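Hi,

Here is the structure I said I would pass on. Have a look at it first, and then read my notes below.

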Amino acid sequence: MIHRKIVRTAMLQDYTGLKETLFALLEEVAGKGYHCVSLSAKEENIETVKALCEKAVSCGMGVCLFTFYMKYQYRYLSHHPDQKLVSASDFQNRQGRSTGIWGCPFNPEFKKRQLLFLREVARFPGVERIQINDEAYLPGGACHCETCRGAYLADFGEGMPVVLNPAIEEWKDIKWRRFLEWTIERWNGVHCEMSRAIHEINKNIKVVFQASPSTDLWRNPWSTGVDLSGMAEQLDGLSTDPYYTFHNAPFFSPAETYLSEWCRFLKGAAGDGKLAEIIPQGFSHPTFTRPLGAEDGIWSAVIPPSCGVDIITPFTYSLQKISPVQKTYEGAFKLDLYFEKAVPLKYSALVHGARTEIYKRPLPASTPLSYDGTRVLPVAQSLRHTGIPYGYIPDKGLKDLNNLFSYRVIILPEINCLSQEEEKGIREFVSGKGRMAVLGCMGTDDGTGTKKNNGGSLLQELCGIKVTGETGRQQRFRMVENLPFMKNLYTVDEKIDERYSNGTCKPLFTLDHCVDAEVPGDSRIIAEFLDENGTPSGRPAIVLAGKDGNLLWFAGFPTHVSKNEAYGTTVRNQSHLLFPLLVEWFAGEKPALRVEGWPPEVPMRKLRPLDYRYMSTFEFFPLEGKDIYMGTIASYFKEPASFAMAADIPPGKRIKEVRELLTGKRVPFETSENKAEITVDMGYEDAAKVFLFRFG
Ligand SMILES: [Zn+2]
C-alpha cells in the first residue's frame, strides 16, 4: 500500500516587519487548499507567531516554524562576540577574533539560548514541523573558537589542526581525516540535541534540517560540514531550496534541472520513512537570470511530487503571488490526489559516495571539477537526457538490502570508501544476483579513507577486476561486441562531418577519468580502449563480469562532450548516449513505463547535428501505483518534439484510459500484446504534461 500525503505549505512572510498583516492571509490560503503555513519564529516576534499558530489551527491548518540558529543573530552576537564562529583564517590571522557574523553552534551559551527557544515554540498550537538552523554550514568544515579547540583537545589530547587551504597531502594524514569525521559528527550531534529538546515538549513534531543546496552536489561536504544522509539518520527529515535562476549553477543544464536533481538527491538522502521537503523558487530579483513565468509554477508544482518529495513550500506565498507563477502552481494542486496514489518507479539507483568525496576525492572541493561534478552528475545527466528512470541512494544506504533489491540496477560511480556494513550489503546484493554497474574502482578504503591492508578492493574480490592505476584522462574506445541495442544509438552521418567540418567534428566514443585494469581471462569484454593512433589496444573499457554476469564494469565515466586531440576540437561524446542503453540492456528489461527513442528529435539537433552543445531539454519522471502509472514530462526549453510513451499492462489487467492530468483530457492509446502506447506531442507552450495510465 502506498501511504503518501502531499503537503502544500504556504510560507508566510511580511517584509516590512508587520507580522500582523499575515493574519488576513491565513484564511486566504486555507481557502485555496493549502494544508500548512510556515512562519519565521524569532524572539522579537514570538507572541505574534504564537497568535498566528492559534489562528492557523482555527483555519484547519498545521504550522511549520523556521527557527534559524547560527544565522540572523546579528544584534545578540554584536554584544557577545565571543560566541561567534571562528574560521581557520580568523584563528590564524586575527588571534581568533571572528570577522564573521554567524554564531558558533557548539558554544554552550549560544546553544542553551536556542534550546530554550526551541522548547518554547514547540509548545505552540498546531506546530507539525520545525526547521532548524536555516541554511547554515561550517565554513571550511570547522569552527576554531576556544570552545571548539577545547573540545578537540579533550578528545584527542592535542591541538585542533588549522589548515587554511588544505591540499591533497592533508588527506594522507589519518589525523586530518579523523578531524573531519569528528567535526561532522559533532555538528550532526548539535542538531540531534535540538531535535531532542523539541521532542521533550512534543514528540509528534517533525524536526527537519534546512540545508542550503550549496552544501552538497555543489560544494564538497568536508568544506561545509553538512553530511545530509548522516543528518537524516538522526532527524525526521531534510529540506532544501534549489533556486535555478539565482544560484548560477552552471553544471545543471538546462538550469531548471537543478530543481529536479535536488528533489531526487534529497529524497535519496532522506530515505524512505523520513521527510523530504523542497522549497521551490517562487520569486526573482533583477539580479537573477530571468523573471519567473507561468511555466515555473507548473514545474514547481509537479516535479517535486514526481521525484517522491511530499512537502512543497515555495519561497514565499506573497512573492509568488505577485508573479504569474502562483496561478499555475495552485492550478496543479488537483493532481495531488493522483500523486498520492503513486511513487517514483524504481528502476536504476545512483549511489552517492559521500564518504568517498569527503575522504578520498576531496579536491577540487567545488563542482564541476569535484567528485560530484566528475563522477556523479555526468552519470545522472546521461540517464536524465535519455529518459532512464533513476533515483539516488546514499553510500550509507548500501547496508539496506531490501532497498537495493527493489531496483533493477544499482550504479556505483567510483565508490571507494565503504564501511564494513556497506561492503557486506554489496556482497550480499551481488551474491543474490542483484545487478551492479560499477564505474572506476570500488571498495578500496574503509569508511574514512584508510586504504585496505592488502591493497585490494571489493571490486577485485567480487569479480577479479584489478585496477592497476589511474590515467585520469579521457580515452577513446570502440565496441568489441555489436550488441542488439546499438541500432538504437543515435549517430550522426559521417558524411555530414566530412562535408561541413572537413572531418574534424565527428562525435567520438570516449570515457573520462579512466583507470587501467587487469581483468580475468574469462570476462566478457564489451568495449576496448584505442591507443593514441586510434588502434585497438586490447585494454578493457567496458566489461561484463561477476560469477553470474551481474557486474557491468566501466573503466571510466561517460561525459557529454569529448576533445578531439588531433584537431583540438570539442565534439559530442557518444558514451553519453551509449551508457543508458547499456544500463537498460544490463537491467534485462525496460522500465514498466518508458519513453521511446530518447532524446527526442528537436529542430536544433536536426539543424546542427554536430553541435556539442546540443542536449535534451526534456525530462521524464515515471511513477507507479496500484493499477496506475503516471508519466510526467517536463520541457524546459520550449522545443517542439514528438515521441512515444509506453506502459506494460499488468498481468490480468486491461487498460481503462489514458488521461493528461493538467488539461484533464483523454489521450488516445494503442495496445499491442501487453503494452499500451501513446504519442506525446510537446509544443512551444507546453512546460509539462502529466499522463495517467489507468488499468482495471
Ligand atoms: Zn566554535
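A quick term to begin with: buried means under 20% relative accessible area, exposed over 50%, and partly exposed in between (1.4 Å probe, protein chains only). With 0% relative accessible area, C148 is therefore buried, and C143, at 2%, counts as buried too.

Before going on, note that this is a predicted model, where local features need pLDDT of at least 70, side-chain atom pairs count only at pLDDT 80 or more, and totals for chains, interfaces and linings use all residues. Residues are numbered from 1 along each chain as its sequence is written, and side-chain values use heavy atoms, without hydrogens and water.

Both cysteines belong to the zinc site: the SG atoms of C104, C143, C145 and C148 coordinate the ion at 2.2 to 2.3 Å. Donors here are N, O and S atoms within 2.8 Å of the metal (3.2 Å for Na, K and Ca); water is not among the atoms, so sites may look incomplete. The spacing of the donor residues in sequence is C-x38-C-x1-C-x2-C. The site is tetrahedral (four donors, all angles between 85 and 135 degrees), with angles of 105 to 113 degrees among the 4 donor atoms.

Then there is F693, which touches L593, D627 and Y629, among others, leaving out residues up to four places away in sequence. Contact means heavy atoms within 4.5 Å.

Last, strand 26 (residues 641-648) and strand 30 (residues 675-682) pair in the antiparallel sense over 8 bridges. Strands are DSSP runs (E, at least two residues), numbered from the N terminus, and two of them pair if DSSP finds at least two bridges between them. A644 has T679 in strand 30 as its bridge partner.

Cheers

Definitions and conventions: Four donors count as tetrahedral if all angles lie between 85 and 135 degrees; four count as square planar and six as octahedral if opposite donors are over 155 degrees apart and all others between 65 and 115; anything else is irregular. Helices (H or I, at least four residues) and strands (E, at least two) are DSSP runs, numbered from the N terminus.
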